[in-house]
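Have a look at it first, then read on.

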Amino acid sequence: MKNQKEQNSSSSYLAAKLLNAQYHHFLNLLSYSLILCCGVIIGILLHSSLQDFSSTSSLSLQRISELLLVSSLPPPPPPSPPPPPYEPEHEGLDGFLKPPEKIMHDMEDDELLWRASMTPKIKNYPFLRTPKVAFMFLTKGHLPLAPLWERFFQGHEGLFSIYIHSDPSYNKTDPEGSVFHGRQIPSKRVDWGNANMIEAEQRLLANALLDISNERFVLLSESCIPLFNFSTVYSYLTLSTQTHVESYDQLGGVGRGRYSPEMRPRIQLRHWRKGSQWFELDRAMALEIISDTLYWPLFYRYCHHGCYSDEHYIPTLLNIKPSLAHRNSNRTLTWVDWSKGGPHPNRFIRHEVTPEFLERLRSGGDENKECFHNGEKTNICYLFARKFLPTALGRLIRLAPTVLYF
């Protein structure tokens, strides 16, 4: 019995000892786990602190470098003043009225005529307008009588415009000081007696119409001369209530005989007229000629082979349109001598140019006819004369101050 109790006591002791050993082992394991977790947490915290410190140190070093660099640079310039407030450009009436600085352009004829045909409906000008006279020279090449015209125009700038239509092969230019410098318009070939003669006249008129100040339009050739000084010519034209286009009905082969029945019904024989090519027009009549798309195509198609559109188109057009005819004087202002007959007028050389001859032209020539200006009789029948050859230039220059008064 006693042995059994001792045996039970020994078993209890061994069990307690075993449990105590396992408990201590558990405590040791728990301690190690706690120590490991703490170590991990401390490592994480130290790593984060070191990283922040490194970043802060780098930023501080960079900031110090920037400060040192800035301190070594020169001070910046003062700030520029703010830009002025935007003001849009305004194009006033002056910009619209200003004529083209260069009369050379790349417009085709149909574009040019369309552009030139524009005209305001309001007749009264809302600005002070000084009317100008457009002198339009239809030439083959240079102007051999240019020195005489230079004297004629001298001192009257702003009262005239010059336009020159020469053969397109002519490429010479006048000196910069000349009134003819830069006054050549885009030109095309012109043949005597051909319809392209009228096209050249339309081209001259259209270019001149682009200047709103041009009020009177005179067609001249390279052989024309002025018979009076500029002031007389200017006053005569700008104060005139009429245009000056020769237009008459002539029987025979060189008149009605040139009419083509194929022009009917628009143009009848009773409309047919003839006259000198060298005209003087006002602005309204010039606009009618360059914008005519009804009668000119008929002339272009049927007036050829001896018809001579330059002698019939404008005189006939004026006769068809009463609004134009009643304002026309039916006479030309350019004198010419047809006394020798033939298809071309008489030409004048040096020895034929005398004071008496020029005085006779200024008085109306040899016709002794009565001439009228604005319904009143006048002793001025012609303002210009042709055909004067280049050999006459020297004598014309010499006689201009005492006979022509310029």
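This is a predicted model. Let's start with helix α7, residues 283-290, which lies across β3 and β5 and runs at about 100 degrees to β5.

Those two strands belong to an open sheet of four strands, in the order β2-β1-β3-β5, and the pairing is mixed. At the edges sit β2 and β5 (280-282), each of which pairs on one side only. From one strand to the next, the twist averages 20 degrees. Inside the sheet, β1 and β3 pair in the parallel sense, over seven bridges, and K132 stands opposite N214 in β3. Another helix, α6, packs on the sheet too: α6 touches β1, β2, β3 and β5, and its direction makes about 105 degrees with that of β1.

| Helix | Strands it lies across or touches | Angle |
|---|---|---|
| α6 | β1, β2, β3 and β5 | about 105 degrees with β1 |

Is S213 buried or exposed? Its relative accessibility is 18%, so S213 counts as buried, the cut-off being under 20%. Setting aside neighbours within four places in sequence, S213 is in contact with R129, T130, P131 and K132.

Now for the greasy parts. In soluble globular proteins, nonpolar side chains tend to be buried together. The largest nonpolar core here has 48 residues, and F135, W149 and F388 have the most contacts inside it. Elements that each supply at least two residues of this core include β1 (132-138), α4 (146-153), β2 (160-165), β3 and α6 (230-238). The largest share, six residues, comes from α12. Apart from this core lies another, of 46 residues, with A134, I185, A206 and W278 among them. As for W149, leaving out neighbours within four places in sequence, its contacts include F135, F137, F180, L220 and F384.

Finally, helix α9. With twelve residues (309-320) at 1.5 Å a residue, α9 should span 16 Å, and its end C-alpha atoms are 15 Å apart, which agrees. How many of its twelve residues are buried? Ten are, so to speak leaving α9 mostly covered. Among the buried ones are H312, Y313, P315 and L318.

Technical notes:
Residues are numbered from 1 along each chain as its sequence is written. This is a predicted model: local features need pLDDT of at least 70, side-chain atom pairs count only at pLDDT 80 or more; totals for chains, interfaces and linings use all residues. Side-chain values use heavy atoms; hydrogens and water are left out. Buried means under 20% relative accessible area, exposed over 50%, partly exposed in between (1.4 Å probe, protein chains only). Contact means heavy atoms within 4.5 Å. A nonpolar core is a set of buried Ala, Val, Leu, Ile, Met, Phe, Trp, Tyr and Cys residues joined through side-chain atoms within 4.5 Å. Two strands pair if DSSP finds at least two bridges between them. Axes are lines fitted to C-alpha atoms, for helices over the stretch in contact, and angles run from 0 to 180 degrees between N-to-C directions. The expected span of a helix is 1.5 Å times one less than its number of residues.
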